[in-house]
Amino acid sequence: MIKARKLTKRFGEVEALVNLNCNIPQGCIYGLVGANGAGKSTFLRLCNGIYQPDEGRVSINGGEVFDNPAVKAHCVFVPDELYFLPQSNMLRMAKLYESMYPQFSNERFTELTATFKLDPARPLNTFSKGMRRQAATILALSAMTDYIFFDETFDGLDPVMRNLVKHTLYDDVLDRGCTAVITSHSLRELEDTCDQLALLYRGGIVFESDVQNLKTSLFKVQVAFSDEYDKSRFEGTEILSFNKQGSVTNMIIRGDRAESKERISKLNPLLLEILPLTLEEVFLYEMEALGYSFEEPGAKGGERK
Amino acid sequence: MKPYLESVRRLSRTGLVLFVLSVVASIVVSMQYCISQNNSRLLSLTQMFLPLMVYTFAGGIVMAFDGFSFLTRRADSDYYHSLPIARKNLFWAVTFAALTWIAATVLASSLMTTIVFTLTKTIFVPLYPLVAVPFYIVAAMLVFAAAAIACSLSGTILTNLAITLVVLFLPRFIQFSIARGVISKAILWSWFDLPWYLNPTTNIATGQIVVLSRVILKNEMFQFVNIAYSLVLTVGELFLGSFFFTRRHSEVAEHGAKNAKVQTLFACLLILPVVLLFSSGVMSATWQNILLVFGVALGCFIIYQTVVLRNAKKVLRSLPWYLVPALLAVCIYFGVQATGIAVRNEIPERSEITYVSFPGSDRISDTRSYSSMQIEKVHFTGKDIVDYAYVALMDNIDSVNRYGYFNYDVDPLSSSYIISEPVTFGLSNGTTISRILVFTNGNLLNTMRNANSEYYKAIHTLPPLDSVRTRQGVDVFDKEYIKSENVINTFYQEVEEKALIPYAEFRQHTVDNNYYNQNEQQSFGYLTYSGYVGMVRYYDYFEINLETPNACSAWMKMKNDGSSKEYLDLLSQICDASESFLDTSDSIDVTFTLYNLPFSDDTKQSMSFYYSRYGGDTSNSNGQYVELAKELTKLLLKSKPTTDPNALCIYTQWSGRAMGANHEYIGANEMIYPVSTYSEAYPGTYGDVVRQRRNRHVRQPERFDLLL
């Protein structure tokens, strides 16, 4: 299990993570969603012992990660910017992984390169961006660690390869009981990949939940009344977004769907329709509710209003 | 073990390239020397392994920069720090991998050099390869350690390089500046007299740079104690590098420093050498120089800060920090001045001095005299000599304090024989004080030293014959080497039998022996040879004069035996033609040295006559000597070769060529080297001609002839 308690990391005056708390259970695929600069990559780097926390702690299976090879031997990290030895090929990189990861499996490496149809003897600098990401994924999965961290995993992969990576990952989680932590901006990818999802905002996890709960906890309601009304009519309902046009109002509500429907029905609306939200919509509304302004594309973590 | 092997693999590209370059350079440089014509001298260790000196710096820095290259890119740094290996272990894995490549390169290069020297039968000091291997490995690792510290502190190649230079050279530059400043102020001190913490050769990496400007320290550098000290320093710096590496933040990658404050610290360190120029005494402290140096330093500070901080406000804010190195330099300057004066005036109590020793004034030379090496070991404990040295010390100090230099009055009893000698005073507490002293009466000093039996033995002992590697510029592998064997053996025998002092500098100087060309002082030539004792190379030359007549005779025989043909008839014809050369390229150079000429004061003296003319000489400056040259040549034609050094004889050396009346050249069309020739009683010419490419002159073999 990965545990983070009051995890704080600063870069000069910028606070990338502030008092972050979370628990990532064993044997799941954990997705991290957040805007640019929310602290996703920083969190992964702290989990892999790349950074030392300024405050708080992050532990894996009870052990501190930073400069602790015994713990780090259980983790492998595929960063957003990949590293390969200069002029190397996958075979050379496999040697590097083999020398560092005690559980590295050459059989697994051979099997995966065949599955992904990559030539392990071909120089990596002749690979496309997507192929390089596949290569990094293969190497990471061949390390046979208990925890695999992917930063923007699906970036640059074509749909076929995305599916292949996902299924390979599922297999690993199911067969070996390993834990995968994935960050991505592609919420749709995480929607059908992750068991659990966490939303990072201003260096902290705003909420974490299993994907199914997350998708059902937020829903859209379309309602119309014959008389004049405003938001106050829905007192007792947690409304994240309220948009009234004429007599018809679109609302995003957080809470129990059935309970909310029943409560609004009692108000005798002319129209009442409950619509499901995509994970992406859930993310956007949650962020809006937290005050993140999409009108400010330049805004970064720690600088938002 | 696996991370180590992985690091060896990772460094293999750079390691192999440097390995091949170093080995090839070692072979090429060695071959170049070994097959060249003039290779009859014992090379110093630096000269023998020159490519390894370059490798020390190139190898050390490149291996460190490559080994820790992942620290200069954020993605690479993050990757390596994510691996399940303790930072400390990662640092040492890279370090030992670099050591492996460096050791392999140094070993292979040294081996190849030694093989080339051995196969080509070129003389060298056998201990050198054994010393070179640890020396250059430690030196390269010392450079590596400095670069490793820099890589651990910084995150760009440019700043890595700057900090490497700071770590490697700045402490030594400060040390060098202080040492130089103190020496120039103390005056009576030399680089050899510095305490170990000011000695620039203790660090064998930077020491190699220092000896480029202070050649006198070249041999000092290879001492075991320096290698040991540098090894300790290397290990210390590597641990420091490991300390910084384990505490390094991965996010420093791609940044010059952790923050602007550290950046300013680097800037201060970088300009420190500039403002230290005064401390070393290189520049005099005039107002113009002060303004110039501090202005240049300020300019460097601003430029560096502007480049790295890229923010005018931050640069301006950092400006006051410039005063820190400036003030430090001022403090060091005054400290150096005060120390120099204190050192100069440091006089031990007479009662404290237990002995004096004389390290030898030739200790500054690349090669030493064998006698100096022996004398250096002698401790003189006699009261007279210690008193004399003590008085000389006080006189020297007094004079330097008054005049700024040693302004001595000549002792009339000394026959103007003034000598300057380094002297070491051994104190009762086991320490020593060394100074360079001027003795106004060298003869008195030598007389006092002669009372010491070890000294007496040292100045009478010639180098052991089995240690000699060259004689008369010919090395032991050359077939010509054997030619001087008889001379050297005879000389050794006579020196021993007559208990002579073969080293001229240790003989008593009298008014009489100023006349070097009289009686027994008549010089027939010089015996030169070199060799080695352990690591130390010596070079000696001994005058062959009538004090050793048998050696003179052997010398004359060697000279005359060396030539199988002579050209006295040609000499005569060219001499005649020189009266009026027909061609502008015609020339003649001839030296006649006459021995044992009877003088009216009953002395026998040697005299030389040199005659030289060339065709294009319109001034006819030597025209008046032509008749004398012709006469001497005629005399020579009637003479016969001799080996009797007490006979009235003539030694002739000549070269030249002239166009005859039939427009054919008198003399060979080819240059002829002087070949030692000796013949029996023939006045004519005969010779064994050695040809050279230049088509100019005939050179006559040197010969001794008995005047009939």
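This is a predicted model: local features need pLDDT of at least 70, side-chain atom pairs count only at pLDDT 80 or more; totals for chains, interfaces and linings use all residues.
1. Buried here means under 20% relative accessible area, exposed means over 50%, and partly exposed is in between (1.4 Å probe, protein chains only).

2. Residues are numbered from 1 along each chain as its sequence is written, chains are lettered from A and ligands numbered from 1 in the order in which they are written, and side-chain values use heavy atoms, with hydrogens and water left out.

3. Now the aromatic pairs. Over all chains the structure holds 48 aromatic pairs. Rings of Phe, Tyr and Trp (its six-membered ring) pair if their centres lie within 6.5 Å; planes under 30 degrees apart count as stacked, over 60 as edge-to-face and the rest as tilted. One of the pairs is A:F11 with A:Y51, which is edge-to-face at 5.3 Å centre to centre, with 75 degrees between the planes. This pair links distant parts of the chain, 40 residues apart: A:F11 is in strand β1 (residues 2-11) of chain A, and A:Y51 is in the loop between α1 (40-47) and β4 (55-60) of chain A. Helices (H or I, at least four residues) and strands (E, at least two) are DSSP runs, numbered from the N terminus.

4. What separates the next pair from an edge-to-face one? The planes of A:F234 and A:F242 are at 55 degrees and the ring centres 6.1 Å apart, so this pair is tilted. A:F234 is buried, with a relative accessible area of 3%, whereas A:F242 is partly exposed at 25%.

5. Rings also meet charges here. A charge sits over a ring if NZ of Lys or CZ of Arg is within 6 Å of the ring centre and within 35 degrees of the ring normal. In chain A, the charged end of A:K244 sits over the ring of A:Y229, 5.0 Å from its centre. In chain B, the charged end of B:R449 sits over the ring of B:F358, at 4.6 Å from the centre.

6. For a view of chain A as a whole, look for 10 helices and 14 strands. Its C-alpha atoms fill a box of roughly 75 × 40 × 35 Å, taken along the principal axes. Of its 305 residues, 51% count as buried. Among contacts in chain A with a separation of 6 or more, 67% come from residues 24 or more positions apart; contact means heavy atoms within 4.5 Å.

7. Next, the place where the chains meet. In chain B, 22 residues are in contact with 28 residues of chain A. Together the two chains bury about 2,400 Å², 55% of it on carbon and sulfur atoms; buried area is the accessible area (1.4 Å probe) that two parts lose on being put together, summed over both.

8. Three salt bridges are found across this interface, a salt bridge being a side-chain nitrogen of Lys or Arg within 4 Å of a carboxyl oxygen of Asp or Glu. B:R73 forms a salt bridge with A:E81, with the closest N and O atoms 3.6 Å apart. On the side of chain B that touches chain A, α1 (2-10) and α5 (74-82) each supply at least two residues, and α5(B) gives the most, with eight residues.

9. Over all chains the count comes to 30 salt bridges. In one of them, B:R363 pairs with B:D193, the closest N and O atoms being 3.5 Å apart. B:R363 lies in the loop between β1 (353-357) and α15 (370-375) of chain B and B:D193 in the loop between α8 (157-186) and α9 (204-213), so the pair ties together parts 170 residues apart in sequence. Both residues, B:R363 and B:D193, are buried.

10. Please also look at B:D387 and B:K383, a salt bridge with its closest N and O atoms 2.7 Å apart. Both lie in helix α16 (residues 383-403) of chain B, four residues apart, about one turn of the helix. B:D387 counts as partly exposed at 22% relative accessibility, while B:K383 counts as exposed at 57%.
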